[in-house]
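Me: I have a structure to get through today. Can we walk through it together?

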Amino acid sequence: MKITQADFIISAVQPHQYPEDALPEIALAGRSNVGKSSLINKMIMRKNLARTSSQPGKTQQLNYYRVNDSIYFVDFPGYGYAKVSKTQREAFGQMIERYIRDRKELKLQLLIIDIRHEPSKDDQLMYNWLKHYNIPTCIVATKADKIPKGKWDKHIKMIKTTLQADPRDKVVLYSSETGQGRDELWSVITETIST
Ligand SMILES: Nc1nc2c(ncn2[C@@H]2O[C@H](COP(=O)(O)OP(=O)(O)O)[C@@H](O)[C@H]2O)c(=O)[nH]1
Ligand SMILES: [Mg+2]
């Protein structure tokens, strides 16, 4: 994918702030620090457009990035951050569930998992929501550079088993460090939005 344009558009706290140009949206969910912002930066070949410094307090923002004037990446707040209050956790849940349920522009959800670790309870909950609302989902196992090649298969299997993943859902091995999986993920995205 040749990137001709990539802009940060808005940190939306309310649905009325979501863009109104009806471009397809590719959303990213995952734990804090799993590598969501790094993944976006690598996909769009910008070092720092998506902020990689985590802001764990901001549980209610969807960050919109427009790419090539044809799609948006929508970066969800990271979950699983220990210091977040119960009220913030609930607000997060409501915002995300509402987005997943109502947002017509959502064409593909990326569930970002650290390849080294078993998916958390929050990851499982997120995956179950996505299945419940019938959202096309791609599981991205990132930080592949952090484990030896020989272990990739075993870890991918572990991730699929823990999530009880639908065999039809694609799983992409990814690394924001090496760029591994970038072309494959762009293919998944372009195929999904063209159907
Ligand atoms: N080695 C390696 N480090 C990564 C990768 N992706 C993210 N990181 C690092 O993990 C940390 C958290 O990344 P970030 O993108 O901010 O995570 P976010 O909270 O999900 O947005 C940063 O220090 C990144 O440099 C990756 O694929 N490989
Ligand atoms: Mg981030």
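This is a predicted model: local features need pLDDT of at least 70, side-chain atom pairs count only at pLDDT 80 or more; totals for chains, interfaces and linings use all residues.

Me: What is the strand order in the open sheet?

Reply: The sheet has seven strands, ordered S1-S3-S4-S2-S5-S6-S7. The pairing is mixed.

Me: Which strands stand at the edges?

Reply: Strand S1 (6–12) and strand S7 (170–173). Each has a single partner strand, so one side of each is left without a neighbour in the sheet.

Me: And how many degrees does the twist average?

Reply: From one strand to the next, the twist averages 25 degrees.

Me: Parallel or antiparallel: how do S2 and S5 run?

Reply: They run parallel, and five bridges join them. For one bridge, look at Ile26: its partner in S5 is Leu108.

Me: What packs on the sheet?

Reply: Helix H1 (residues 36–43) does, touching S2, strand S3 (62–67), strand S4 (71–75), S5 and S6. The direction of H1 makes about 160 degrees with that of S4. H3 packs on the sheet too, touching S2, S5 and S6. The direction of H3 makes about 160 degrees with that of S5.

Me: Let's switch to H3. What span should it have?

Reply: Helix H3 covers residues 121–132, which is twelve residues. At 1.5 Å a residue, they should span 16 Å. The end C-alpha atoms are 16 Å apart, so the two agree.

Me: Which residues of H3 are buried?

Reply: Asp123, Met126, Tyr127 and Leu130. They cover an arc of only 100 degrees around the axis, so they sit on the same side of H3.

Me: And which ones are exposed on the other side?

Reply: Lys121, Asn128 and His132 are exposed there.

Me: What covers the buried residues?

Reply: The cover includes strand S2 (25–29), helix H2 (86–102), strand S5 (106–114), strand S6 (137–142) and helix H4 (152–163).

Me: Then what follows H3?

Reply: Asn134 follows H3, and its phi is positive, near 60 degrees.

Me: New topic: the core. Which residues touch the most other members of the largest nonpolar core?

Reply: Leu28, Val74, Leu111, Ile112, Ile113 and Val140. That core has 44 residues. Its largest share, six residues, comes from S5.

Me: Why would nonpolar side chains be buried together?

Reply: In soluble globular proteins they tend to be.

Definitions and conventions
Residues are numbered from 1 along each chain as its sequence is written. Chains are lettered from A and ligands numbered from 1 in the order in which they are written. Helices (H or I, at least four residues) and strands (E, at least two) are DSSP runs, numbered from the N terminus. The expected span of a helix is 1.5 Å times one less than its number of residues. A residue is buried if 20 or more other C-beta atoms lie within 10 Å of its own, exposed if 12 or fewer, and partly exposed in between; C-beta atoms are placed from the backbone. The arc is that of the directions from the helix axis to the C-beta atoms. Two residues are in contact if their C-beta atoms, placed from the backbone, lie within 7 Å. Two strands pair if DSSP finds at least two bridges between them. Axes are lines fitted to C-alpha atoms, for helices over the stretch in contact, and angles run from 0 to 180 degrees between N-to-C directions. A nonpolar core is a set of buried Ala, Val, Leu, Ile, Met, Phe, Trp, Tyr and Cys residues joined through C-beta atoms within 7 Å.
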